[in-house]
Amino acid sequence: MVEIVGKSRRNCEAEESIGAVEMSQKKGFDYIIVGAGSAGCVMANRLSEDPDVSVCLIEAGKKYNSLLIPMPAGVGGLIKDENPQNWGFWTTPQKHMEDRKLWWPRGRGWGGSSSINGMIYIRGHARDYDQWRQTGLTGWGFSDVLPYFRKSEAYEGGADPFHGGDGPLRVTESPLQDSVYDMFVNAGREAGYPVTKDFNGSQQEGFGPYQRTIHDGERWSASFAYLRPIVKERENLTVMSTALVSRVVFRGGKTHGVEIVAKKGAEAETIIADREVIVCAGAVQSPQILQLSGIGPADEIREHGVTCVVDSPNVGANLQDHLDVTVIHEMTQKASAYSKQAGFKKLAVGIKYLMSKSGPGADNFLQAGAFLKTREGLDRPDIQLHLVNAMMRDHGNYDYKKDGFTIHSCQLRPDSRGTVMIQSNDPFEHPAIDPNYLAAETDRVTMRESVKMMREIAGQNALSPIRGAEALPGASVQSDEEIDAFIRTYGETIYHPVGTVAMGIHDEAPLDGDLKVRGVDGLRVVDASVMPTLIGGNTNAPTIMIAEKIADTIRGIAPLPQEAPEIAA
């Protein structure tokens, strides 16, 4: 049952009869938004601000029904298990990583991946966006997008040249209440690296505290920020939960609406869009939906019984993700998340959280990190470190049952490119996800160097009061060849896939700079899949920014004035 809340390029014209199939039809809306993730929640909020338009937001998952979602410490359970809040994707066997299939957690339900992520607020480096503008994407430079970051943000320190003070998304400073975080930052200083107070300010490079989307002890997802406050207040917004969009429907070269199914084998229904369909399903499912709708590599989608509407070879191509590797140490003190939550303490943590939204349950155990350069001559950091106050391996599925800390490192701008491709015309079958990790030699070199740097940092005097034995990679792993083998065997995603329906100025790009799908009218994609290249950091805040910016475009609102505060390398 569907739950309802609220009230001319490469055109395959001969095959467009796909849109003429008769189905039962629901009332039309001006805008249909596919997916209530980070971008979809923003779009639903901003478009429905206009009382003269009707908006329908369609989400395959539910609002939420788990304490783990609002409780920041619940992130460990949300990312490691197959559960109703997690799509639970797997990659294809990775030929450069011992043919391993890698676990890909992606959020399902209101808030999407912002409801299961690590709650770290990072925008990326200013030059990431200037690079987009340099490719010809006018309006996507840092001075263009900073106003939309600020518009979205309610920073606890108040507004300043880099931060917004009254937006929907609550952003708070990590308190660094556990000594391990200060030790980590001091270890970076001892190793000769810079220290910065604000990764989203004038200097990204260095060690420092993370800003987090946590407010009053709760995860502040895109749903909490943009959707929950309005869903019962705006009569022009309808939210359909547990409805899977199987495809977009076209008539005469124009988007007509979407087809939805409540469950496998159920009768399909068509919902009409009078103005636009806006696909916000993420880097995996946005290309899947387009391909199922007949927009993608023509020969490949035909092989799966899909009629071609637009031959767009790069739909599903250009997949980029942050590969992650860890250095894990035991602790000589009972100072990590393990001791705080072991045994009966876990029950006490839950009770305290329920009563006061405080204690270990209100912490994501990710309070400090770093952005560093692996070699001289780089114009911005190329690796990002996350310190976890726990021993965390394989998304938390490997249980060490002891105190320790984990240093994560991911390569910020990999050269490897992968694909997302449907495996059949069944919308319930997951697509084939091939990130093609470590295909590029440059990626292997950068990841190898990052392991050496993490070990150097972990060995500093500042961490000596708590540092125990190295559990991973372990003392036996020393040579370059051994480090490379360790990365192939233990590397995992850190959950930042982008690029599979990328914008660009050339005809080969699936989208133009306004995120319109080339080859048809009335269809856009708005989510992380539109990024032409990965930004240097966590991708949730940039996805929200993209949606804020395009919402103004759709509504005909002039872009916010450019802002250009000085940025360090």
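I began with the term pocket: on a 1 Å grid over the protein atoms alone, a pocket is an open set of points with protein on both sides within 12 Å along at least five of seven lines, and its lining residues have an atom within 4 Å of a point. This is a predicted model, where local features need pLDDT of at least 70 and side-chain atom pairs pLDDT 80 or more, while totals for linings use all residues. Residues are numbered from 1 along each chain, and side-chain values use heavy atoms, without hydrogens and water.

**Entry: the pocket**

I looked up the second largest pocket and found about 360 Å³ of space in it. I counted 19 lining residues, with Asp382, Gln411, Arg413, Pro414 and Asp415 nearest the centre. Helix 11 (residues 441-458) gives the largest share of this lining, three residues.

**Entry: two helices**

I followed helix 11 to helix 12 (residues 480-490): their axes come within 10 Å and cross at roughly 100°. The two helices are therefore roughly perpendicular (65 to 115 degrees). In their contact (heavy atoms within 4.5 Å), I noted Arg444 and Met447 among the residues of helix 11, and Asp480 and Ile483 among those of helix 12.

**Entry: Tyr400**

Where does Tyr400 lie? I found Tyr400 in the loop between strand 20 (383-388) and strand 21 (404-411). Tyr400 is buried, with a relative accessible area of 15%, because buried means under 20% (1.4 Å probe, protein chains only). Beyond its neighbours within four places in sequence, Tyr400 touches Ile328, Met391, Arg393, Ala471 and Leu472. I also saw that Ala471 is 71 residues from Tyr400 along the chain, with 9.6 Å between their C-alpha atoms.

How values were computed
Helix = DSSP H or I, 4+ residues; strand = E, 2+ residues; numbered from the N terminus. Buried < 20%, exposed > 50% of the residue type's maximum accessible area, 1.4 Å probe, protein only. 1 Å grid on protein atoms, 1.4 Å probe; cavity = no way out; pocket = protein on both sides within 12 Å on 5 of 7 lines; lining within 4 Å. Points joined across faces, edges and corners; volume = space filled by probe spheres on them. Axes fitted to C-alpha atoms, helices over the stretch in contact; angles between N-to-C directions. Parallel < 35°, antiparallel > 145°, perpendicular 65-115°, else oblique.
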